[in-house]
Amino acid sequence: LSRDIPRDRDANAVPARIDKAIYNGSEVQYWLRLSETLLWKVRVPNSSTHQKRFSAGESVFVQWDAMDGVVLTE
């Protein structure tokens with residue numbers, strides 16, 4: 001997750017808004033609203049005290065490397 005527009009051309013990125021942020025000790029779970037009807041859940045490990053945290057209502061970008069993407073079909 002990032003507050004900044006991704007600059008990496010090999011990465012996929014989707015704008016979203018933080019709907020909920022839930023601290024669970026070893027991780028933070030973020031519920032991201034991508035549209036009126038689409039929510040994604042993102043789990044971010046708590047790796048350090050200097051890690052960026054996000055709050056409900058913030059605009060963010062979800063980013064992942066194109067090689068890590070997997071398409072699931074029914």
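Tutor: Lys and Arg count as positive and Asp and Glu as negative, with His and the chain ends left out. Each charge is placed at NZ of Lys, CZ of Arg, CG of Asp or CD of Glu. On that basis the protein chain carries 10 positive and 10 negative side chains, and the centres of the two sets are 7 Å apart.

This is a predicted model: local features need pLDDT of at least 70, side-chain atom pairs count only at pLDDT 80 or more, and totals for chains, interfaces and linings use all residues. Residues are numbered from 1 along each chain as its sequence is written, and side-chain values use heavy atoms, without hydrogens and water.

Now the fold. The protein chain has 0 helices and 4 strands (DSSP runs, H or I of at least four residues for helices, E of at least two for strands, numbered from the N terminus). The C-alpha trace spans about 35 × 30 × 25 Å along its principal axes. Of the 74 residues, 20% are buried (under 20% relative accessible area, 1.4 Å probe, protein chains only).

Zoom in on Ser-2. Ser-2 sits in the segment before strand E1 (11-23). Why does Ser-2 count as buried? Because its relative accessible area is 14%. Leaving aside residues up to four places away in sequence, Ser-2 touches Phe-54, Val-60 and Phe-61 (contact means heavy atoms within 4.5 Å). The side chain of Ser-2 also has a polar atom 3.0 Å from the backbone nitrogen of Asp-4.

Technical notes
Buried < 20%, exposed > 50% of the residue type's maximum accessible area, 1.4 Å probe, protein only. Polar contact = N/O pair within 3.5 Å; in protein donor to acceptor, adjacent residues only side chain to side chain.
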